[in-house]
Each structure stands twice: as structure tokens, then as C-alpha cells.
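Subject: Structure for you to look at

Hello,

Here is the structure I said I would pass on. Please open it beside this message and follow along.

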Amino acid sequence: MTSAINWHTKLQRKLQIQFSLHFDTAWRIGSGKEGETLSDLGVVLDPSGQPVLPGSSLKGRLRSTCETLAHALGLSACMLDSAVSNCECSSDVQYYRRVREDYRKASQAGVAERLEWIEKHTCDVCKLYGSPVMAGRLRISDGTIEDWAEVIQVRDGVVIDRDSQTAVDGLKYDYEVVPPGSRFRVTIDVENYSDADLALLGAAIFEWSSGSTVGGFTSRGLGRFHLEDVCIRGVDLSDPNQRIQFLTNRTAEDRLTDLGNWEEFFSSKIESAVSTQST
Ligand SMILES: [Zn+2]
């Protein structure tokens, strides 16, 4: 069980994925207050007035992409609701309530027993993204802006009556959007990943490359994006050469080893996940 403790407490290996996220349409991630333009619904801007693409929003979206693809890979996803997914995972409040005493006993028995319990009672998606009993293995940066139109647009919305499905007279509001064509550089880091983590993440990167959505009002056509210039780097500290490279360089580019073509890399991980399930 020493190996299980090492696995969770020491960096063994790390994968870094970087890409440019291109918005094909306008998009908005709401600030929850009035906008700079005094519209009713603002977008999140940094102090210099540039739009912010928060890592937390991207992570939430990436997680839900992984959830929808998990079954195709033969992996488990609790969807944070065991009753709906039929998958028992400690992230589901109802399930956790039932096994809480069991978890408490395992925790008292020692670190190895606690980790073993978590491994057994956590779905594949929550192992990657984290659960109430264990931190996740994945981090995602805020987007670094590469290009944008340098203006915020304001659009009109009308309030729709849910019963009649028609506009309610006189009830209008407006909301801010970032115009189409903006582009952000994003970095994802995954530490001590498993084969299942790479299959899930790889399938999600393929999905995002073909096109996905993020942010608010996606049902009105906002928030469509795709990925370009995906590159992957990594380090495996069990390899002495990679270890020296990692420990003696300053920039991420130099510390990590280029892993080549991302499509080939992730295809092989996805193929082995699928074939493991069908054998
Ligand atoms: Zn779960």
C-alpha cells in the first residue's frame, strides 16, 4: 500500500495540454451584475476591460463533456446523481450519506485504507475532476487572450411567457456579448494520471476540436467554439533523463518533453480503453 500513498502525495508524471480556443460565434460568461455598457447582464472583464474566459467555466464544461462520453469508453460517470446514472460514487450526496460511516472507519484505519476506500467508491470522471473526499488531478487555466474585436456588443432580449411561448409586451432586457472571432490560449495540467484519465480527456479534446459550446445563452446560438494548435507535453519522473530535464529547466516548454502528435497520442489511449472493455 506504500505505492498507493506515493501515488497520491508525490508527483510521478504530468501531462500538459495547450490549445487555442476560437469562438466561432459571440459568447458570454455573465458577471452576475450590470455590464460596463450599463446593459442588464454584463460579461466578466478584467481591470483593463478585456473579456475573461475563466478556467472554472472551462473545467465545468470539460467535465460535462467527459460525462457524456464516459459510457462510450466503457468508463463510469455518476453525473453527481447515482439515482439517475445508476453509478455509485461518493460525490453523490445521497449515496455518500449512506456510506459515510464506512468511510469514517476506513479513514481511522490509516491513509492506505482511506485511499483504497476512495478508489472503490469514486467514478472515473470524479477521479479526474475531484470529489468531496479527494482533490482532482486536473487543473485548467483561465484563457490568455490572443485576439478579440476590442468591443463588447449589447443585444436585446425579450421576456418569453412560458405558457403561451410568446413575447411579453413591454418586458425587454439587454445583455452583453463578446463578438465572434475572439481567441484564447488555454493550458490543462494533469498530474499522476491513469489510463482512464487520458482516454476521457483525449475523447473530450477530440470533441472540443470538432466544436462545442461554453457560457450562457447557448440555446440562442451563443458560445460556439473549436480548438486549434493543440500541443501536448509531459514528464515521467521514473525516466532519469526526463527527470533531469524537469528539474534543471525554468520554462514549462523546456521542463516537459514534447509528446508529438496529439491525435495519435490520444487515439491510442482511447483505443486501449475501448478494447479493455470489450475483452
Ligand atoms: Zn462521480
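Two residues are in contact if their C-beta atoms, placed from the backbone, lie within 7 Å. With that in hand, take Ala199: setting aside residues up to four places away in sequence, Ala199 touches Leu73, Leu75, Lys269, Ile270 and Ala273. Please keep in mind that this is a predicted model.

Overall view

The protein chain has 279 residues, and 32% of them are buried. Its elements are ten helices and nine strands. The C-alpha trace spans about 65 × 50 × 40 Å along its principal axes. Among contacts with a separation of 6 or more, 69% are between residues 24 or more positions apart.

The core

Ala199 comes up again here. The largest nonpolar core has 54 residues, and Ala199 is among those with the most contacts inside it, together with Ala70, Leu73, Leu75, Val125, Leu200 and Ala204. Which element gives the largest share of this core? That is helix 7, residues 195-210, with nine residues.

Helix 2

Helix 2 covers residues 55-70 and has 16 residues. Which of its residues are buried? They are Ser57, Leu58, Arg61, Leu62, Arg63, Thr65, Cys66, Glu67, Leu69 and Ala70. The cover over these buried residues includes helix 6 (124-129), strand 2 (138-140), strand 6 (183-191), helix 7 and strand 7.

Helices 4 and 5

Helix 4 (residues 93-109) packs against helix 5 (residues 111-120) at an angle of about 145°, and their axes are 5 Å apart. From helix 4, Tyr103, Ala106, Ser107 and Ala109 take part, and they meet Glu113, Arg114 and Trp117 of helix 5. Sorted by class, this contact has four nonpolar, one polar and two charged residues.

Helix 4 also holds Tyr95. Leaving out residues up to four places away in sequence, Tyr95 touches Ser82, Glu88, Cys89 and Ser90. Tyr95 and Leu80 are 15 residues apart in sequence, and their C-alpha atoms are 9.8 Å apart in space.

Strand 8 and its partners

Strand 8 (residues 224-236) pairs with strand 1 (residues 13-23) in the antiparallel sense, over ten bridges. In that pairing Ile17 stands opposite Ile232 of strand 8. Strand 8 also runs antiparallel to strand 7 (residues 212-213), and two bridges join them. Thr213 has Arg224 in strand 8 as its bridge partner. Strand 9 (residues 257-258) pairs with strand 8 as well, again antiparallel and over two bridges. There Gly234 is opposite Thr257 in strand 9.

Two residues with a positive phi

Most residues other than glycine have a negative phi. Leu80 is not a glycine, yet its phi is positive, at about 60°. Where does Leu80 lie? Its place is in the loop between helix 2 and helix 3 (82-85). Leu80 has 17 C-beta neighbours inside 10 Å and therefore counts as partly exposed.

Phe217 likewise has a positive phi of about 60° without being a glycine. Phe217 is in the loop between strand 7 and strand 8. With 18 other C-beta atoms within 10 Å, Phe217 is partly exposed.

An exposed residue in a strand

Leu171 is in strand 5, residues 167-177. Why does Leu171 count as exposed? Leu171 has 11 C-beta neighbours inside 10 Å, and a residue with 12 or fewer is exposed. Leu171 touches Val158 and Val159, again not counting residues up to four places away in sequence. Leu171 and Ile160 are eleven residues apart in sequence and 8.7 Å apart in space, from C-alpha to C-alpha.

Regards

Terms used. Residues are numbered from 1 along each chain as its sequence is written. This is a predicted model: local features need pLDDT of at least 70, side-chain atom pairs count only at pLDDT 80 or more; totals for chains, interfaces and linings use all residues. Axes are lines fitted to C-alpha atoms, for helices over the stretch in contact, and angles run from 0 to 180 degrees between N-to-C directions. Helices (H or I, at least four residues) and strands (E, at least two) are DSSP runs, numbered from the N terminus. Ala, Val, Leu, Ile, Met, Phe, Trp, Tyr, Cys and Pro count as nonpolar, Asp, Glu, Lys and Arg as charged, and the others, Gly among them, as polar. A nonpolar core is a set of buried Ala, Val, Leu, Ile, Met, Phe, Trp, Tyr and Cys residues joined through C-beta atoms within 7 Å. A residue is buried if 20 or more other C-beta atoms lie within 10 Å of its own, exposed if 12 or fewer, and partly exposed in between; C-beta atoms are placed from the backbone. Two strands pair if DSSP finds at least two bridges between them. The expected span of a helix is 1.5 Å times one less than its number of residues.
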